[in-house]
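Colleague: I would like to go through this model with you. Please show it first.

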Amino acid sequence: MWSIMLASSFSTVFTQSTNPKLFLTTSSARNGKKIKAMASNSSPKRETDPKKRIVITGMGLVSVFGSDIDVYYNKLLAGESGITLIDRFDTSDFSVKIAGQIRGFSSEGYINGKDDRRLDDCWRYCLVAGKRALDDANLGKKAVDTMDKTRMGVLVGSAMGGNTIYSDGIEGSVQKGPKNISPFFIPYSISNMGSALLAIDAGFMGPTYSISTACATANHCFIAAANHIRRGEADVMVAGASDAGVTVAGVGGCTACRALSLRNNEPHKASRPWDIHRDGFVMGEGAGILIMERMDHAMRRGARVYAEYLGGAASCDAHHITDPQPDGLGVASCMIKSLKDAGVDAQEVNYVNTHATSTRAGDLPEVKAIKRVFNNTSELKINSTKSIIGHGLGAAGGLEAIATIKAINTGWLHPTLNQDELEAEVTIDTVPNVKKQHQINVAISNSFGFGGHNSVAVFAPFSP
């Protein structure tokens, strides 16, 4: 969550409208009791109806390591940092000069030349990741033409949308007047365009829109997409998020928030969740998209299944526009609700792909929340994908969901980098610096965003 990302000094930039001490004394104890009560409810049951069970039949991404999922995960397992000096724009006047910048990206075979020149990188990443996911699911044009397209939808969100198109359009209009504004300025800036472009290309006429909840976006999209399937409104949903935040506005804006790491001389050591020397997150970018499909529909067409989506939940801290609740109550309640939706007991979960962004304000509240939910963490493993590729904003949850599913498939967890001197409160295994073999029973993936938006998705190995 961007709130979880920010250094504590960020609170000096914005004035909080409520007294946090008053909030904690009047509501935290009461809410804490409610959370304990939620956690102690009788064991829920997993969904058994094949028309309501949801499986993952395709995955697609664009990342700092390219667009091949196996290459992406192998580099994660190797602990190969994707964080480097920015060379996309001149950083001479920037105090932050590092990012998980994508280089050598090609949309060849996925976007025609004219559109490729017009589109913001956010939508280029979205289209390539989305089409690769459809191909991976064997849902090419020939196969899709035999299906009911009114029951196939797209739910791809973005935290920032067409950020470069927007910035360039404003700059041009100021310098040269309103007649200089491109007719593509609005369409390619607004955050719903990723879903629209994918739906137009694939001909999907089912539920199609976008969600924008800052860095919680991708998980919100997975949850909403799954609910369309569960309610019988769709058979197939393309879901995830895309962001291209390594821009003048993206890096400059987060620098002004005092959110980013200043470790420019050691880019590969900059993202260090839970380490006492952490000083902020590292901007990343990309897209992560899943094909979510009704189980009986997938079985009928002989689709390969990577994992099962068991459930998810959303909540709000209702605390501050950027900072999380220090005690992690909002995050804990979201995790508990997600397990209830999934029909899973907390004791069944043995892996959490955390939101951990490497900030003073945010890393520990998530750990506190995990400890609230899981009384016994001796068998639990947690890690941070952001320690390797940086923070992809809205896309982070999509990229991390793919990492979670690959962990389920391979039995290997990627390391959390730069675990040199952990905070004393971090007593859970963070998979420090070197990959670990771990057979996953149930996994959860956490994502949180500015405004206190929390979202959690639950995945597990698939068993018919």
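Colleague: How far apart are the mean positions of the positive and negative charges of the chain?
Modeller: This is a predicted model, where local features need pLDDT of at least 70, side-chain atom pairs count only at pLDDT 80 or more, and totals for chains, interfaces and linings use all residues. Side-chain values use heavy atoms, without hydrogens and water, and residues are numbered from 1 along each chain as its sequence is written. Lys and Arg count as positive, Asp and Glu as negative, while His and the chain ends are not counted; each charge is placed at NZ of Lys, CZ of Arg, CG of Asp or CD of Glu. For the 48 positive and 45 negative charges, the mean positions lie apart by 4 Å.

Colleague: What share of the residues of the chain count as buried?
Modeller: Buried means under 20% relative accessible area (1.4 Å probe, protein chains only). Of the 464 residues, the buried share is 60%.

Colleague: In what order do the 10 strands of the open sheet run?
Modeller: Strands are DSSP runs (E, at least two residues), numbered from the N terminus. Two of them pair if DSSP finds at least two bridges between them. The pairing in this sheet is mixed, and the order is 5-4-6-7-1-8-14-13-9-10.

Colleague: Which strands stand at the edges?
Modeller: Each edge strand has a single partner strand, so one side of each is left without a neighbour in the sheet. They are strand 5 (208–209) and strand 10 (381–383).

Colleague: Which residue of strand 6 does Met 152 stand opposite?
Modeller: Strand 4 (residues 152–157) and strand 6 (residues 236–244) run parallel, joined by six bridges. Opposite Met 152 stands Val 236.

Definitions and conventions:
Buried < 20%, exposed > 50% of the residue type's maximum accessible area, 1.4 Å probe, protein only. Helix = DSSP H or I, 4+ residues; strand = E, 2+ residues; numbered from the N terminus.
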